[in-house]
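The overall fold comes before the local details.

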Amino acid sequence: MAQNDHDAILGRFEGKRHIYPLIVYYENTDAGGVVYHADYLAFAERARSAMLNLLGFTNRNIAERHKVAIAVRQCTLDFRRPALLEDRISVESRVIKVGGASLGFEQKIMRGDDELVVIEIYLACMSLEELRAQRLPDELRTVFNSCLDVTKD
């Protein structure tokens, strides 16, 4: 697989927003073909990991290099419309807060122009040794500050 092909599976940036395309598979749905509520969190997690990768990091290399992990601290979901079996959807992610030891994201699960689910999620940087909050490493803070988008839609 060529590098450009590999990068394509990680989505793309449009300005400061990361767009991550997905297809809803049978495993994501109930007997009626409607996406399980918990799968939206999995879609959002995949999108954040892909975004991180496009920014030059992985969860593994952050853990190895800085001895920290990024963990969910708080999350809210606003379910507006269901995604259905075989829908082509996308996760639009934007950084809305960069704190001392935290990051905030707004993530929208979209089908075309329709907002299906809006997720506001806050992550904490934690020391792997002490399992306590720790300041974001400078290189992460720099890259996430470059993506910071506080505009309202």
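**Note on the predicted model**

1. Contacts of Gln 74. Leaving aside neighbours within four places in sequence, Gln 74 is in contact with Glu 120, Ile 121 and Tyr 122. The C-alpha atoms of Gln 74 and Tyr 122 are separated by 5.2 Å, although the two residues are 48 apart along the chain. Gln 74 belongs to strand β3, residues 68–79. Its relative accessibility is 41%, so Gln 74 counts as partly exposed.

2. The protein chain contains four helices and six strands. Read from the N terminus, the order of the elements is α-β-β-α-α-β-β-β-β-α. The radius of gyration of the protein chain is 16 Å, close to the 15 Å that the globule rule gives for 153 residues, so the chain is as compact as a globular protein of that length. Along the principal axes, the C-alpha atoms fill a box of roughly 45 × 35 × 30 Å.

3. Burial and contact range. Of the 153 residues of the protein chain, 41% count as buried. Among contacts with a separation of 6 or more, 68% are between residues 24 or more positions apart. The contacts of Gln 74 with Glu 120, Ile 121 and Tyr 122 were described in the opening point.

4. Helix α4. Which residues of α4 are buried? They are Leu 140, Arg 141, Val 143, Phe 144 and Cys 147. The cover over the buried residues of α4 includes β1 (12–14), α2, α3, β4 and β5. Note that an arginine, Arg 141, is in the buried set.

5. The largest pocket. Its volume is about 210 Å³. The lining of the largest pocket consists of 15 residues, and Arg 48, Leu 52, Asn 59, Ile 70 and Leu 123 lie nearest the centre. By type, the lining residues divide into eleven nonpolar, two polar and two charged. At least two lining residues each come from α2 (37–54), α3, β3, β5 (102–111) and α4 (138–147). The largest share, five residues, is supplied by α2.

6. Positive phi angles. Most residues other than glycine have a negative phi. Lys 67 is not a glycine, yet has a positive phi of about 60°. Lys 67 sits in the loop between α3 (59–66) and β3, and at 43% relative accessibility it counts as partly exposed. Glu 86, also not a glycine, has a positive phi of about 70°. Glu 86 is in the loop between β3 and β4 (88–98), and its relative accessibility of 61% makes it exposed.

7. Salt bridges, Asp 87 and Arg 111. A search of the whole structure finds eleven salt bridges. In one of them, Asp 87 pairs with Arg 111, with the closest N and O atoms 2.6 Å apart. This pair links distant parts of the chain: Asp 87 is in the loop between β3 and β4, Arg 111 is in strand β5, and the two are 24 residues apart. Arg 111, at 23%, counts as partly exposed.

8. Salt bridges, Arg 81 and Asp 114. The side chains of Arg 81 and Asp 114 meet in a salt bridge, at 3.1 Å from N to O. The pair also joins distant parts of the chain, with Arg 81 in the loop between β3 and β4 and Asp 114 in strand β6 (residues 114–127), 33 residues apart. Arg 81 is partly exposed at 43% relative accessibility, and Asp 114 is partly exposed with a relative accessible area of 32%.

9. Salt bridges, Asp 78 and Arg 80. Asp 78 forms a salt bridge with Arg 80, and their closest N and O atoms are 3.0 Å apart. Asp 78 is partly exposed, with a relative accessible area of 36%. Arg 80 is likewise partly exposed, at 46%. Salt bridges that share partners join Asp 78, Arg 80, Lys 108 and Glu 115 into one network.

Definitions and conventions:
Residues are numbered from 1 along each chain as its sequence is written. This is a predicted model: local features need pLDDT of at least 70, side-chain atom pairs count only at pLDDT 80 or more; totals for chains, interfaces and linings use all residues. Side-chain values use heavy atoms; hydrogens and water are left out. Buried means under 20% relative accessible area, exposed over 50%, partly exposed in between (1.4 Å probe, protein chains only). Contact means heavy atoms within 4.5 Å. On a 1 Å grid over the protein atoms alone, a cavity is a set of points where a 1.4 Å probe fits but cannot get out, and a pocket is an open set with protein on both sides within 12 Å along at least five of seven lines; lining residues have an atom within 4 Å of a point. Grid points are joined across faces, edges and corners, and a volume is the space filled by probe spheres set on the points. Ala, Val, Leu, Ile, Met, Phe, Trp, Tyr, Cys and Pro count as nonpolar, Asp, Glu, Lys and Arg as charged, and the others, Gly among them, as polar. A salt bridge is a side-chain nitrogen of Lys or Arg within 4 Å of a carboxyl oxygen of Asp or Glu. The radius of gyration is taken over C-alpha atoms; the globule rule is 2.2 Å times the number of residues to the power 0.38.
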